[in-house]
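Hello, and welcome to this structure. Please have a look at the sequence and the model first, and then read the points below alongside them.

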Amino acid sequence: MTSRGKLRAGSAVLLLLASSPFVFVACGGEETKPPVTPEAPKATAAAPAPTTTVAVVHSDVSAAAKGAYDRGYAAFAAGDLAGAKKAFTDASHTDTRSPAPLYGLGTVLEHQGDIGGAQQQYKAAMAIKPDDTTAIGAYGLSLATSGHLSEADSFLTNQQQKHANSAPITTYLAEVKSMENDTGTAQQLAQDALRMSPDYKPAMVAIAHDHYRAHRTELAKYALSAILDGFGESSPPRDKDNANAHLIRGLINEEEGLRAGAMADFDAARKTQPDMVEALIHLGVMKLQAGNVLEATPLLESAVKFAPTAPLAHLNLADAYRLGSRIPDAKREFDKALSMDSSLAVAHYDMGLLYLFSPNVPGTTAMDQVATAIRELETYRSMRGAKSGGDDVDELLTSAQAKQADLKASASAPPASAPASSAPPASSAPPASSAPPASSAPPPSGAAPAGSAPHH
């Protein structure tokens with residue numbers, strides 16, 4: 001599947017979650033470096049899912065539950081999902097009449113990968129308050145992004161009929177119609193929402209988002225400019241800090257090669273909405289591409305905090321650790337990614353880079369290290385199947401096999417013996433050179449192997 005906003009196959013793997021959600025992708029590399037030198041990471045843009053996050057709203061949270069609710073929000077914003085889960089659970093037990101703690105708990109569960117549990121909390125919130133538009137939207141979008149588009153459409157259509165004048169519910173339905181590629185209905189519904197509430201920002205974003213999904217890039221950029229920049233004093237920006245609008249514009253800028261603009265938009269998105277994993281990963285990858293491992297790593301660590309059960313988040317972080325020479329940490333994150341999804345071919349490519357180019361992987365000999373590199377690269381080549389170029393796995397395997405041959409030759413060669421008359425005493429002999437063969441040298445400084453992960 002290749003349309004924006006859906007799962008992609010091959011080297012670009014995309015996962016979309018939407019109701020509280022996060023989005024991220026994995027991508028292969030691009031052939032821009034000399035043979036045998038792993039290429040710089042290449043970000044693959046993908047349409048974001050509509051996102052919401054936990055809102056600090058106390059109008060319907062009792063005074064007794066407010067403290068726990070506040071702790072839940074603070075923990076969530078810091079990426080402490082376990083702490084947020086406990087606090088929102090406590091708040092929901094203290095105040096059984098408010099949907100807000102249940103929605104907050106659903107948001108946390110969705111980030112933790114418990115989609116069924118999250119949907120139960122959203123439904124529990126709706127049972128308390130049937131017209132709670134936040135819970136209605138969260139449940140509908142969660143259905144849509146977990147592979148149940150038809151069910152989401154039916155649910156939100158039914159809700160929209162019950163609440164005919166609800167701009168939020170109409171906008172949620174517009175998003176689902178857009179995900180179903182029914183762009184005409186999506187645009188009409190978003191316009192309907194604006195007629196109900198002329199200043200309703202999510203409807204404006206839905207219009208831009210649908211244009212982007214449908215590859216109407218210029219119309220998307222125009223709509224995003226109206227939201228983020230405005231058109232002079234007579235038409236000021238409608239919502240200059242809108243995280244979703246910044247994310248979509250960042251993806252467009254990235255596709256068009258406007259790196260500075262893309263990075264600025266991704267940064268604005270993740271600052272406004274700290275749990276926006278796609279913005280964190282795209283920004284982290286672009287910093288890795290620029291050689292800025294120190295700034296990229298905490299961004300990708302934050303992505304893992306907000307998506308702890310997402311294999312691609314761990315895969316991205318592993319590559320950042322690899323580039324930062326944090327070999328044990330990189331190995332741990334690669335192992336986590338593969339334990340969560342053994343079909344991630346690109347993880348084997350990156351593991352091959354780790355073993356081939358790292359000066360030393362703890363717990364392995366030089367011979368074991370190169371043998372593992374060969375095995376991982378061969379696994380990647382087998383899993384990716386026939387491919388018309390686009391990666392350098394064959395060159396990497398040639399390099400690894402040459403290094404293996406050199407190591408074997410060195411191990412089997414008899415030690416050289418000097419003439420007895422000229423040999424100095426053993427105690428005064430200088431240490432023999434232990435320089436590795438040329439084929440084992442890592443890439444030159446400034447061309448550190450980045451692999452194909454930074455996987456957004």
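The numbered points below go from the whole chain to single residues.

1. A word on the ground rules. This is a predicted model, in which local features need pLDDT of at least 70, side-chain atom pairs count only at pLDDT 80 or more, and totals for chains, interfaces and linings use all residues. Residues are numbered from 1 along each chain as its sequence is written, and side-chain values use heavy atoms, with hydrogens and water left out.

2. Let us begin with the overall make-up. The protein chain has 19 helices and 2 strands; these are DSSP runs numbered from the N terminus, with helices (H or I) of at least four residues and strands (E) of at least two. Of the 456 residues in the protein chain, 51% are buried. Here buried means under 20% relative accessible area, exposed means over 50%, and partly exposed is in between, using a 1.4 Å probe and protein chains only.

3. The surface and the contacts come next. The protein chain has an accessible surface of about 19,400 Å², and carbon and sulfur atoms hold 55% of that surface. Accessible areas come from the Shrake-Rupley method with a 1.4 Å probe, and for residues only the protein chains shown count as cover. As for contacts (heavy atoms within 4.5 Å), take those in the protein chain with a separation of 6 or more: 60% of them are between residues 24 or more positions apart.

4. Now for the aromatic rings. Rings of Phe, Tyr and Trp (its six-membered ring) pair if their centres lie within 6.5 Å; planes under 30 degrees apart count as stacked, over 60 as edge-to-face and the rest as tilted. The count by this rule is 6 aromatic pairs. One of them is edge-to-face and joins Phe76 and Phe306, at 5.8 Å centre to centre with 65° between the planes. This pair links distant parts of the chain, since Phe76 is in helix H1 (residues 63-77) and Phe306 is in helix H14 (residues 293-306), 230 residues apart.

5. Side chains of opposite charge can pair when their charged atoms come close. A salt bridge here is a side-chain nitrogen of Lys or Arg within 4 Å of a carboxyl oxygen of Asp or Glu, and the count by this rule is 24 salt bridges. Lys240 and Asp241 form one of these, at 3.6 Å from N to O. Lys240 is partly exposed at 49% relative accessible area, and Asp241 is partly exposed as well, at 44%.

6. Arg332 and Asp329 meet through their side chains at 2.8 Å, N to O; both lie in helix H16 (residues 327-340), 3 residues apart, about one turn of the helix. Arg332 is partly exposed, with 35% relative accessible area. Lys336 and Glu333 also form a salt bridge, at 3.8 Å from N to O, and these two are likewise 3 residues apart in helix H16, about one helical turn. Lys336 is partly exposed at 34%, whereas Glu333 is buried at 3%. Salt bridges with shared partners join Glu301, Arg326, Asp329, Arg332, Glu333 and Lys336 into one network.

7. How do helices H7 and H9 pack? Helix H7 (residues 167-179) and helix H9 (residues 201-213) have their axes 10 Å apart, at an angle of about 5°. Axes are lines fitted to C-alpha atoms, for helices over the stretch in contact, and angles run from 0 to 180 degrees between N-to-C directions. H7 and H9 are therefore roughly parallel to each other; angles under 35 degrees count as roughly parallel, over 145 as roughly antiparallel, 65 to 115 as roughly perpendicular and the rest as oblique. Thr171, Glu175, Ser178 and Met179 on the H7 side meet residues of H9 that include Pro202, Ala206 and Arg213.

8. Finally, two loop residues. Asn181, in the loop between H7 and helix H8 (183-196), has a phi near 65°, a positive value in a residue other than glycine. His215, in the loop between H9 and H10, also has a positive phi, near 65°. Asn181 is partly exposed at 47% relative accessibility, and His215 is partly exposed at 47%.
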